[in-house]
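Please read them with the coordinates open.

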Amino acid sequence: MTIEKTLSIIKPDAVQNKHIGNIIKRFESNGLTIEKMMMKHLSQEEASEFYAIHKERPFFNDLIEFMTSGNVVIIVLSGENAVSKNRKLMGHTDPEQAEKGTIRSDFAKSIDANAVHGSDSLENAAIEIGFFFTSCCRR
């Protein structure tokens, strides 16, 4: 059994549409445990730094505008194979292509407003968790 940690962000669209509880229930009912959680309104600087990997992509500015448009809920999840389990729970980035019953299929409105972010690897999970959470609350 491999216990991992991963980061999930409930994005502004899902927060605004009051899906926080439903999304958290999906995590917990599928064997993931909430280790840390906070609600935050990301600044332009934080969102730009967090999504810097997409800096050269044409959607970068729209992504930053969206992620700073309202509160997000940032969650550290743990559990057996947490990274892959969370990615499966989220579903495809485009909710129209997401498998029925996934978070994005049920709660996302579009490929841009797609309800949740999740780390795509253990390495990125460690980086992303460190971005928002340290032993003493970095931000």
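The points below cover the basis of the model, the sheet, and then a few single residues.

1. Basis. This is a predicted model, in which local features need pLDDT of at least 70, side-chain atom pairs count only at pLDDT 80 or more, and totals for chains, interfaces and linings use all residues. Residues are numbered from 1 along each chain as its sequence is written, and side-chain values use heavy atoms, with hydrogens and water left out.

2. The open sheet has 4 strands in the order 2-3-1-4, with antiparallel pairing. Its edge strands are strand 2 (33-40) and strand 4 (116-118), each pairing on one side only. On average, neighbouring strands are turned by 20 degrees against each other, direction ignored. Strands (E, at least two residues) and helices (H or I, at least four) are DSSP runs, numbered from the N terminus. Two strands pair if DSSP finds at least two bridges between them.

3. Strand 3 and its partners. Strand 3 covers residues 72-80 and pairs with strand 2 in the antiparallel sense over 7 bridges. Lys40 has Val72 of strand 3 as its bridge partner. Met39 stands opposite Val73. Strand 1 is joined to strand 3 by 8 bridges, and the two run antiparallel. Here Thr6 has Leu77 as its bridge partner. In general, strands of a sheet pair through backbone hydrogen bonds, either parallel or antiparallel.

4. Cover. Strand 3 is mostly covered, with 8 of its 9 residues buried. Buried means under 20% relative accessible area, exposed over 50%, and partly exposed in between (1.4 Å probe, protein chains only). Helix 5 lies across strand 1 (3-10), strand 3 and strand 4, and runs at about 35 degrees to strand 1. Axes are lines fitted to C-alpha atoms, for helices over the stretch in contact, and angles run from 0 to 180 degrees between N-to-C directions.

5. Val73. Which residues does Val73 contact, leaving aside its neighbours within four places in sequence? They are Ser8, Ile9, Ile10, Val15, Ile20, Met37, Met38 and Met39. Contact means heavy atoms within 4.5 Å. Val73 lies in strand 3. Val73 counts as buried because its relative accessible area is 3%. From Val73 to Lys88, 15 residues apart in sequence, the C-alpha to C-alpha separation is 19 Å.

6. Val15. Val15 sits in helix 1 (residues 12-16). Its relative accessible area is 15%, so Val15 is buried. Not counting residues up to four places away in sequence, Val15 touches Ile10, Ile20, Met39, Asn71, Val72 and Val73. The C-alpha atoms of Val15 and Gly31 are separated by 22 Å, at 16 residues apart along the chain.

7. Thr68. The loop between helix 4 (60-67) and strand 3 holds Thr68. Thr68 counts as buried because its relative accessibility is 17%. Beyond residues up to four places away in sequence, Thr68 touches His41, Leu42, Ser43, Gln44 and Ala47.

8. Asp94. Please check this one. Asp94 is in the loop between helix 5 (82-90) and helix 6 (103-107). Asp94 is buried yet has no salt bridge, and the nearest side chain of opposite charge, Arg104, is 9.2 Å away. A salt bridge is a side-chain nitrogen of Lys or Arg within 4 Å of a carboxyl oxygen of Asp or Glu. For charge, Lys and Arg count as positive and Asp and Glu as negative, while His and the chain ends are not counted. A polar atom of the Asp94 side chain lies 3.0 Å from the backbone nitrogen of Glu96.

Notes: Polar contact = N/O pair within 3.5 Å; in protein donor to acceptor, adjacent residues only side chain to side chain.
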